[in-house]
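Please open the structure in the viewer and keep the sequence panel in view.

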Amino acid sequence: MKFIKQFGIILAISFIGEIMNYLIPLPVPASIYGLVLMLLCLHFGIVHIDSVKDSGKFLIEIMPLMFIPAAVGLIESWKTIGSKIGTYLIITVLSTIFVMIVAGHTTQAFIRFSKSKDNQERKDS
Amino acid sequence: MNFFENSVFFGVTISLIAYGFGHALQGKFKLAILNPLLISVASIIALLAVTHIDYKAYYSGAQYLSYLLTPATVCLAIPLYEQFELLKKNLAAVICGIFSGVFASLCSILAMAVFFGLSHKEYITFLPKSITTAIGIGVSEELGGYVTLTVAVIILTGILGNIIAPFICRHFRITEPIARGIAIGSASHAIGTARAMEMGEIEGAMSSLSIAVSGLITVIGASIFAQFM
């Protein structure tokens, strides 16, 4: 019964996400509504962490598999990409690396700044 | 080839086998480029090309794997909930980090679109490249890009992020687990997050958060940037 209950909760929240995606005229997918909804349910104790955890961890673990079908679909867009593949690849690679470095270092700088401030306050008091 | 089109388990089975094969290869040679996702995608493409099985025949079965994507994304809330205290404590850093990531993405695409002389439509196509497919499709459609190309670029970005994340974090000295998670999630959405999950619980949780937040900021940011070129 354990997994039936766990999958029941996860799928129910996914379904509510779908309903919200249908009713609310924003480009927000069902999965993102569902993610926020699940977080709220856990935070306010409507769903207990133990009643979704095992199935949730399982789904997250097999998540890379779920991207394979769409990624194999890259062969279908070969025609639209055509001769510009070189340019497109350069843009994709450079911008992905750039974003990773900027986002990472901005976050890291903020964390270190607040850490050093904490230490300073501790010293002062 | 009618049989393959009607088979439910063909697509799913070869996907699993290909992923297992990729995983085994990486375990044996320990090279970042032998990423299980990349290997499985490449070997399935090769298999379909050699055997002349249509992509549609493969997809008719394999699509059931994709159906799990929505519930799996919903479950990303679980690690996030477990790291909630950490998130609250570092909220400013996290929000600023994600904002800077979105801004970096939009700016770099604008700069390169100008540099390479892309058309307006191509430029729009690339704007949502770092966010999750479902939101990216909406942005591309709304602003008038090539939607199929956007999907291809988003997936490519994800696989790339999945492969290079540990390398970038090491070489550019991104050592804080929170910062690593934000970097991976902002740059390469859910496919990158799959890798962040393997790096650690904090990395995974922060990366999951970035998917949702950077996706939503990009919806607004891309519509502003669309007017720049």
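A disulfide is a covalent bond between the sulfur atoms of two cysteines. For the search described here, a disulfide is a pair of cysteine sulfur atoms within 2.5 Å. The model on display is predicted, and a search of the whole structure returns zero disulfides over all chains.

**Stop 1**

Select Cys96(B) and display its side chain. Cys96(B) is partly exposed, at 29% relative accessibility.

Now select Cys107(B). For the sulfur of Cys107(B), the closest cysteine sulfur is that of Cys96(B), at 16 Å, and therefore too far for a bond. Is Cys107(B) buried, partly exposed or exposed? With a relative accessible area of 27%, Cys107(B) is partly exposed.

**Stop 2: annotated spans of chain B**

Remain with chain B and colour the spans that its unreviewed UniProt entry annotates as "transmembrane region": residues 6-25, 32-52, 64-81, 93-118, 146-168 and 205-228.

Among these spans, select residues 146-168 of chain B first. This span is 96% helix and 0% strand, and its end C-alpha atoms are 30 Å apart. Next, select residues 205-228 of chain B. Here the chain is 88% helix and 0% strand, with 34 Å between the end C-alpha atoms.

**Stop 3: chain A as a whole**

Move to chain A and switch to a cartoon display. Which elements make up its secondary structure? Chain A contains seven helices and zero strands; read from the N terminus, the order is α-α-α-α-α-α-α.

Along the principal axes, its C-alpha atoms fill a box of roughly 65 × 45 × 30 Å. The radius of gyration of chain A is 22 Å, whereas a compact globule of 125 residues would have a value near 14 Å.

**Stop 4: the two domains of chain A**

Colour residues 1-67 of chain A as domain 1 and residues 76-125 as domain 2. The C-alpha centres of these two domains of chain A are 28 Å apart.

**Stop 5: surface and contacts of chain A**

Finally, display the surface of chain A. Of the 125 residues in chain A, 43% are buried. Considering contacts in chain A between residues at least 6 apart in sequence, 52% join residues at least 24 apart.

Conventions:
Residues are numbered from 1 along each chain as its sequence is written. Chains are lettered from A and ligands numbered from 1 in the order in which they are written. This is a predicted model: local features need pLDDT of at least 70, side-chain atom pairs count only at pLDDT 80 or more; totals for chains, interfaces and linings use all residues. Side-chain values use heavy atoms; hydrogens and water are left out. UniProt positions are given in the numbering used here, feature names are shortened, and annotations may be inferred rather than shown by experiment. Helices (H or I, at least four residues) and strands (E, at least two) are DSSP runs, numbered from the N terminus. Buried means under 20% relative accessible area, exposed over 50%, partly exposed in between (1.4 Å probe, protein chains only). Domain bounds come from an automatic or database domain assignment. The radius of gyration is taken over C-alpha atoms; the globule rule is 2.2 Å times the number of residues to the power 0.38. Contact means heavy atoms within 4.5 Å.
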